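Hi,

Here is the structure you asked about.

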Amino acid sequence: MDKNLLQRLISGFFYGLVIILCTTPLGAEYLGKIIPGIKQHYLYFGMITFFMVVGTWECMRIMKFGKGWERFVVAPLSFYVFYIFAKRYFEHNFYFNFNLSEILALSLILIASITLFRFKDELYFDSGKLIFTVIYVALTFGFSLGLPSYDYFGGFSLEVLMLFILIWSSDSFAYFTGRLFGKHKMAPKISPKKTWEGFAGGVVLTLILGFS
């Protein structure tokens, strides 16, 4: 068996276990026996926070910041932006009414995505790397806190679990499609092995899974 495939299967198993425990009431039910009083929305928040921290660190590592002031600011600024969303999460103030601030924030995520593929030269400057990391990581994971609905009696919506299943499926479909048909590099500076063929395969097959 391909070593890389085996590694993906093992990591996928643990990844799936963590997702199930953090996005369904099963987490609070079983982990509550070890940590009395644990709430499901705490588990979800902990998981998203962990993803945000790892994502920020990974983005900083891949971007290879220089010796300027930007490398000292990127992590604190990312954490501050995420903190703003965390307050809304615990105050039940996530309604997505699409006021001006939310529209601007979502627009910034779109701009960051376009920059990644259309204006790669901007990512050679530390200022561009700083802005990209904060927008692409902190804002994205901040908005993800608004996905589930929960109450203080243990209720927690399952839509998040389905979303993560689709994300995992998309990654797997993209990997296998890229391995079989991948020729055209997608973003060589960020992820050298990703291809447009893999991206297309992941999108199409995930859509089929989602509507089936």
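Predicted model: local features only at pLDDT ≥ 70, side-chain atom pairs only at ≥ 80, totals over all residues.

Glutamate 58 is partly exposed because its relative accessibility is 27%, on a scale where buried means under 20% relative accessible area, exposed means over 50%, and partly exposed lies in between (1.4 Å probe, protein chains only). Its partner is arginine 61: the two side chains meet in a salt bridge, 2.4 Å from N to O. Arginine 61 is partly exposed too, with a relative accessible area of 44%. A salt bridge here is a side-chain nitrogen of Lys or Arg within 4 Å of a carboxyl oxygen of Asp or Glu, and searching the whole structure turns up one. Side chains of opposite charge can pair when their charged atoms come close. Glutamate 58 and arginine 61 are three residues apart in helix α3, so about one helical turn separates them. (Helices are DSSP runs of H or I, at least four residues, and strands are runs of E, at least two, numbered from the N terminus.)

Residues are numbered from 1 along each chain as its sequence is written, and side-chain values use heavy atoms, leaving out hydrogens and water. pLDDT is the predictor's confidence in each residue, from 0 to 100; the protein averages 78, with 77% of its residues at 70 or more. Confidence is highest in α3, at a mean of 89, and lowest in helix α5 (residues 100-118), at 64.

Now the cysteines. There are zero disulfides, taking a disulfide as a pair of cysteine sulfur atoms within 2.5 Å. Cysteine 22 counts as buried because its relative accessibility is 11%, and cysteine 59 is buried at 11% as well.

Cysteine 59 also turns up among the contacts (heavy atoms within 4.5 Å) of threonine 133, alongside others including Thr56, Met63 and Phe65, not counting residues up to four places away in sequence. Threonine 133 sits in helix α6 (residues 126-144) and is buried, with a relative accessible area of 0%.

Last, isoleucine 38 is in the loop between α2 (26-31) and α3 (40-63). Beyond its neighbours within four places in sequence, isoleucine 38 contacts Ala28, Leu31, Gly32 and Leu43. Its C-alpha atom is 5.9 Å from that of alanine 28, 10 residues away along the chain.

Cheers
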